[in-house]
Amino acid sequence: SCAQIVAGTCIGMAIRGIQDVEFDLCIVDEASKASATETLVPLARSHKWVLVGDQKQLPPFLEEQLKKPQNLEPYGLTVNDLRNTLFDRLAASLPKECKTGLYVQHRMVPPIGELISECFYKGELISAPKALDTTLIKLLPKPVTWITTARELSRMEVHAKESYANPIEVRVICRILQKMNSLAIAAKKTYSVAVLTGYSQQHGDLDRSISSLLMELSALEIAVHTVDSFQGREADVAIYSVTRCNSEGKIGHLRESERLNVALS
């Protein structure tokens with residue numbers, strides 16, 4: 001026996017040439033991040049469905065104009081209506097025989113997995129055993145290490161282009177990468193590093209500063225991303241730039257548990 005497999009995005013399945021093909025089975029990954037209209041494109045041409053997703057991670061992306069109630073009210077819609085995915089509807093309405101949960105995670109080392117489980121999954125997420133790499137222990141003493149800029153005079157955020165940046169965090173992260181590179185070279189190892197932030201301006205500043213150091217960071221494979229664009233990917237080390245620091249205590253994206261879940265996990 002054999003199987004013909006077609007891979008693509010939900011909307012990509014509507015391209016010319018396969019729009020009339022019927023599928024025996026459709027598997028939609030990251031289904032909790034796709035809008036109902038996106039998800040229905042491949043499902044409408046499939047006999048069986050499997051939707052895989054996590055409602056505690058990022059919902060579908062919404063354009064800024066669609067977040068404004070005045071643009072939705074004429075159509076009898078709310079922001080929650082747009083964020084409510086087909087995955088959400090099926091998870092709420094299907095009988096228990098049609099649903100299952102995956103509660104053992106293999107991606108994160110147990111100390112990180114236990115933090116995520118406690119903060120976002122009511123302690124129900126179990127971590128499979130995984131050996132810890134101690135090469136970077138002089139720089140990162142624990143698998144989850146918190147680094148504060150509280151003692152820096154120039155620690156405050158900068159508002160720019162409807163986004164935020166934090167120059168001192170950029171400098172601190174560059175220093176961390178330089179030290180990490182030295183330890184990796186001494187151990188004759190290479191590491192993939194994800195540098196993440198929730199803000200486009202901070203992303204740009206990090207990308208420019210790190211790009212200027214790439215020649216000397218030969219033992220590191222560095223990718224700079226926003227949290228949203230990194231969901232579903234992996235790295236040996238993740239550095240999250242919180243960015244926000246102000247006298248009013250405004251925390252911005254840290255209010256959104258889904259985005260913080262993706263950043264930390």
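Reply: Fine. This is a predicted model. In it, alanine 194 has alanine 238, in S9, as its bridge partner.

Me: How many bridges join S7 to S9, and which way do they run?
Reply: There are 5 bridges between S7 and S9, and the two strands run parallel.

Me: What is the strand order in that sheet?
Reply: The order is S8-S7-S9, in an open sheet of 3 strands with parallel pairing. S8 and S9 stand at the edges with a single partner strand each, so one side of each has no neighbour in the sheet. On average, neighbouring strands are turned by 20° against each other, direction ignored.

Me: Which helix lies across S7, S8 and S9?
Reply: H7 does, and it runs at about 160° to S8.

Me: What about the largest nonpolar core, how many residues and which have the most contacts inside it?
Reply: The largest nonpolar core has 24 residues, and Leu177, Met180, Val193, Val195 and Ile222 have the most contacts inside it. The elements that give two or more residues to this core are helix H6 (167–186), strand S7 (191–197), helix H7 (200–211), strand S8 (220–226) and strand S9 (237–241). H6 gives the most, with 9 residues.

Me: And what does valine 195 touch?
Reply: Leaving out residues up to four places away in sequence, valine 195 touches Ile173, Leu177, Leu206 and Ile210, along with Ile222, Ala223, Val224, His225 and Ile239.

Me: What other core lies apart from the largest one?
Reply: Another core, of 16 residues, lies apart from it; Met108, Leu125, Tyr240 and Leu260 are among its members.

Me: Back to S9. Where is aspartate 236?
Reply: Aspartate 236 is in the loop between helix H8 (227–230) and S9. Its relative accessible area is 52%, so aspartate 236 counts as exposed.

Me: Which residues does aspartate 236 touch?
Reply: Not counting residues up to four places away in sequence, they are Thr190, Tyr191 and Ser192.

Me: Change of topic. Threonine 85, buried or exposed?
Reply: Threonine 85 is buried, at a relative accessible area of 0%. It sits in the loop between helix H3 (79–83) and helix H4 (86–93).

Me: What is threonine 85 in contact with?
Reply: Neighbours within four places in sequence aside, threonine 85 is in contact with Ala31, Ser32, Ala34 and Pro60.

Me: Which residues of H1 are buried, and what covers them?
Reply: In helix H1 (residues 36–43), Thr39, Val41, Pro42 and Leu43 are buried. The cover includes strand S1 (23–28), strand S2 (46–51) and H4.

Me: And the segment before S1, where valine 6 is found: what does valine 6 touch?
Reply: Valine 6 touches Met13, Ile18 and Phe23, with residues up to four places away in sequence not counted. At 45% relative accessibility, valine 6 is partly exposed. The C-alpha atoms of valine 6 and cysteine 26 are separated by 9.5 Å, and the two residues are 20 apart along the chain.

Me: How accessible are cysteine 2 and cysteine 119?
Reply: Cysteine 2 is exposed, with a relative accessible area of 77%. Cysteine 119 is partly exposed, at 48%.

Me: Last, the chain as a whole. What does its secondary structure come to?
Reply: The chain has 9 helices and 9 strands. Its C-alpha atoms fill a box of roughly 55 × 55 × 40 Å along the principal axes.

Me: And what share of the residues is buried?
Reply: Buried residues make up 36% of the 265 in the chain. The accessible surface comes to about 17,000 Å², and 55% of that belongs to carbon and sulfur atoms. Of the contacts between residues at least 6 apart in sequence, 65% join residues at least 24 apart.

Technical notes
Residues numbered from 1 in each chain as written. Predicted model: local features only at pLDDT ≥ 70, side-chain atom pairs only at ≥ 80, totals over all residues. Heavy atoms only, no water. Buried < 20%, exposed > 50% of the residue type's maximum accessible area, 1.4 Å probe, protein only. Core = buried A, V, L, I, M, F, W, Y, C linked by side-chain atoms within 4.5 Å. Helix = DSSP H or I, 4+ residues; strand = E, 2+ residues; numbered from the N terminus. Contact = heavy atoms within 4.5 Å. Pairing = 2+ DSSP bridges. Axes fitted to C-alpha atoms, helices over the stretch in contact; angles between N-to-C directions. Areas by Shrake-Rupley, 256 points an atom, 1.4 Å probe, with all protein chains shown as cover.
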